[in-house]
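Subject: Structure handover

Hi,

Here is the structure I promised to pass on. Please open it and keep it beside this email as you read.

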Amino acid sequence: MLAFLLRRIGLIIPTFIGVTIASFAFIRILPGDPVLLMAGERGTSPERHAELMKQFGFDRPLWEQYFDYLFSALQGDLGNSLVTKKPVWDEFFTLFPATMELSFCAILFAVIIGMPAGVFAAVKRGSWFDQTIMGTALVGYSMPIFWWGLLLIILFSGMLGWTPVSGRISLLYFFPPVTGFMLVDSLLSGQKGAFASALSHLILPTIVLGTIPLAVVARQTRSAMLEVLGEDYVRTARAKGLSPSRVIGVHALRNAMIPVITTIGLQVGVLLAGAILTETIFSWPGIGKWMVDSIFRRDYPAVQGGLLMIAAIVMLVNLIVDLLYGLINPRIRHTR
Amino acid sequence: MKRTKLFLATLLATTMLAAGSASAKTLIYCSEGSPEGFDPAPYTAGTTFDASSKPLYNRLVEFKRGTSEVIPGLAESWEVSEDGLTYTFKLRQGVKFHSTDYFTPTRDFNADDVIFTFERQLKKDHPWNQYTAGIAWEYFDGMSMPDLLASIEKVDDHTVKFMLKRPEAPMVANLAMDFASIMSAEYAAKLEADGKKEMLNQQPVGTGPFKFVAYQKDAVIRYAAHEGYWSGKQPIDDLVFAITTDASVRQQKLKAGECHVAPYPNPADLEALKADPNLQVMEQEGLNVGYLAYNALQAPFDKTEVRKALNMAINKQAILEAVFQGAGKIAKNPIPPTMWSYNDAIEDDPYNPEEAKKMLEAAGVKDLKMKVWAMPVQRPYNPNARRMAELIQADFAKVGVEVEIVSYEWGEYLKLSKEKDRDGAILLGWTGDNGDPDNFLAVLLGCDGVGGSNRAQWCNKEFEDLIQKAKTISDKAERTKLYEQAQVVFKREAPWATIAHSVVFMPMSKKVSGYVMDPLGGHWFDGVDIAE
């Protein structure tokens, strides 16, 4: 197991270097620069432009800027945002808990509904239930997030008035953030009704962000289950006279879980991409919206720092998934 | 028994809490974006000013609400010397800075604060010139203040003198702009002593109608009424900015009562908003202009009759309907109708494709192929440049001119369009900074702007003489005459096709009263009240 772990960690180093190069290059490949965009229609003189570029350190050779960025990043310094002038690290971790809370709820929603739906669809293969589930999953998978979000807001918040339109908590509640996770902070604040308010604000964004992972999990569970249900040992278990629920729940589902866990792990990247749109619609103060704003403003340090952090998180999650996978499936940790 | 007591106690406490919160009047504004910081001077975005300079600070002079007229602010009065080079301001006394949990002022506003505010932007060696890494005084520089200001002197605690290098009539209007918001020198000194200079941009202290309470990035900004405000406490107790970037979501929040005022509605939603019995929609013409600038240095656009003919080929009414969806007004002058010196006697070039075709033939222009540049971004003065370019393309085709539409990334667009040898006519626009006609006419059409902000690359001696003269005299009536004449020259020479001025809409709850729309595009909440 230790060798497996070391092998996986060893792979992370070149990936990390690759990510720093990609994130550094990405924002610089885009035409335009932060000074031009800051000045807007008003414009700046070429001299003033050069002066500001020098002040930001963008006049130095690219390789020098890159190594500066790389070594600072290794020491945990991602530089200061050109716009807010605050450290990128602080900005990221102020906003990250909001994204994490939403992503966690979305994946929980996807698993809690998606897995049982997939199992039932597999067991009732070909039935109207199966077809409805799989049809709905396909629709969910193809749903444009922006449109889906607005539709839910108009229906549940606008017409029915069941859920709040946007934000993380009612503006009536005001307490300093402790953990940055609103569900936890609202409980810690001790203010009556704060937790319920935070929870009600999470409902729609969770559904919107969780829809695509839900569809993927449901489809993946169904196909994994179908495969496992056709195995000899399942037939044997049935022949032994075990109850159908025991055959499905214990013998089949456990083995079907392996590819499903991998799928869930892969959804982390999808979630972060979906978070950009979901956060924009629901005025959710997370990193998705922040990244988009930073790209539009050509805030070089914020974009390269943000991308690096996101990549690091995705790598970490994938490492954890791989380790979990290794724990569940011994074949993985013994091969290669 | 015990349980009943506990229940009663809880009930009592809840009631008291509810009563406490009900007596505090809170106004919620669904703002369209996050501020970049709370020190307005390094920034240029209206969103940042709405959250910083407007609620938190005052300036020496202010724009009278709802107009671009300059009135006394922290300066009670001012005098301009004969030669127009010295401006002496008498400062208001008894003005209090905000007391917050991070700063308690020990003195009232005085001349030191004024000196600090401007010197940090003017002097490169000032300890606050670079108070955080990579700071730039965009607006101060953009309004050419470093070339204009010789020095600022404290005469006594309540008198300050601004010495200019040359006479400049719009100087006073410049001082009403956001970058001129007066900061507390005492607070700055404290931050410097604590080694926390950067907090000036994060925990602001001003003299304005509201004081800063808290900001949760990208989510909420909270302000409280400034108890000791020099012109009296505000009718509301708390002001909250709920940051909501999507226009459709802002509209839903307004309808659901989650906010009271929500700016920048989608034009398509206006009908529904106006029909809602709980809402009111205010409107005002924006202080802006959207235009198509030819390149007057390049043939055949160097000929006035060619530019004039093309102007007559554009169906502006169709553009207004398709691009502005009614939220605009046809422009005939380079300055908007709400600005002083607007020359209403001028007649716009009539839409007449047949006549335009004849004029082009008479000018010897045949089979003309040209480029029209379409902006890649949405702006109040042009909500959809691509669509506008397509309509112009169709209009020009009718007079035998073939148009190719080009576009670039915004930063590149702004840069490339400045070049003197730019190929083609460009769609662009301008939003006023200080309500002075000089801010449009000199910046956009003056000879100094050729190769820069004068996208038409047009330099006309008659026009230039008029606007230069108007800059040096401070008598408004006389300046008005000169600008009116300049507009006549502009229309005759046609360096641009003036397209439209936008109309800005402001939906809000009917409970809100006292809100006045700002022609300069800002959002102000002093004097605003909300019914319980």
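One definition before we start. A residue is buried if 20 or more other C-beta atoms lie within 10 Å of its own. Keep that cut-off in mind. Also note that this is a predicted model.

Start with B:Ser341. Is B:Ser341 buried or exposed? B:Ser341 has 22 C-beta neighbours inside 10 Å. The cut-off is 20 or more, so B:Ser341 counts as buried. B:Ser341 is found in the loop between strand S13 (328-330) and helix H13 (353-362) of chain B. Its backbone is worth a look too. Phi of B:Ser341 is positive, about 80°, although B:Ser341 is not a glycine.

Now go to B:Asp218. This residue sits in the loop between strand S8 (210-216) and strand S9 (220-225) of chain B. B:Asp218 has 22 other C-beta atoms within 10 Å, so B:Asp218 is buried.

**A cis peptide bond**

Which peptide bond is cis, with omega near -5°? Look at the bond from B:Ala299 to B:Pro300. B:Pro300 is in the loop between strand S12 (288-293) and helix H11 (304-313) of chain B.

**Chain B as a whole**

Step back from the details. Chain B has 18 helices and 19 strands. Along its principal axes, the C-alpha trace of chain B spans about 100 × 60 × 40 Å. What radius of gyration would a compact globule with 532 residues have? The value would be near 24 Å. Chain B has 26 Å, which agrees. Buried residues make up 48% of the 532 residues in chain B. Next, take the contacts in chain B between residues at least 6 apart in sequence. Of these, 70% join residues at least 24 apart.

**Two helix pairs**

Two packed helices are described by the angle between their axes and the distance between the axes.

The pair in chain B is helix H16 (residues 438-445) and helix H17 (residues 461-472). They pack at an angle of about 140°, with their axes 11 Å apart. H16(B) and H17(B) are therefore oblique to each other. Their crossing is left-handed. From H16(B) come B:Asp438, B:Leu441, B:Ala442 and B:Leu445. They meet B:Phe463, B:Ile467, B:Ala470 and B:Lys471 in H17(B). By class, this contact has six nonpolar, no polar and two charged residues.

The pair in chain A is helix H8 (residues 182-189) and helix H9 (residues 194-229). Their axes come within 8 Å and cross at roughly 165°. H8(A) and H9(A) are therefore roughly antiparallel to each other. The crossing of H8(A) and H9(A) is right-handed. H8(A) brings A:Met182, A:Leu183, A:Ser186, A:Leu187 and A:Ser189 to the contact. H9(A) brings A:Ala194, A:Phe195, A:Ala198 and A:Leu199. The residues of this contact divide into seven nonpolar, two polar and no charged.

**Where the chains meet**

Last, the interface. In chain A, 42 residues are in contact with 45 residues of chain B. Several helices of chain A each supply at least two residues of the side that touches chain B, including helix H5 (88-123) and helix H11 (244-281). Which helix gives the most to that side of chain A? The answer is H7(A), with five residues. By class, the side of chain A that touches chain B has 21 nonpolar, 14 polar and seven charged residues.

Best wishes

Conventions: Residues numbered from 1 in each chain as written. Chains lettered and ligands numbered in written order. Predicted model: local features only at pLDDT ≥ 70, side-chain atom pairs only at ≥ 80, totals over all residues. Contact = placed C-beta atoms within 7 Å. Helix = DSSP H or I, 4+ residues; strand = E, 2+ residues; numbered from the N terminus. Nonpolar A, V, L, I, M, F, W, Y, C, P; charged D, E, K, R; others polar. Axes fitted to C-alpha atoms, helices over the stretch in contact; angles between N-to-C directions. Parallel < 35°, antiparallel > 145°, perpendicular 65-115°, else oblique. Left-handed = near helix turned anticlockwise from the far one by under 90°. Rg over C-alpha atoms; globule rule 2.2 N^0.38 Å. Buried ≥ 20, exposed ≤ 12 C-beta atoms within 10 Å, placed from the backbone.
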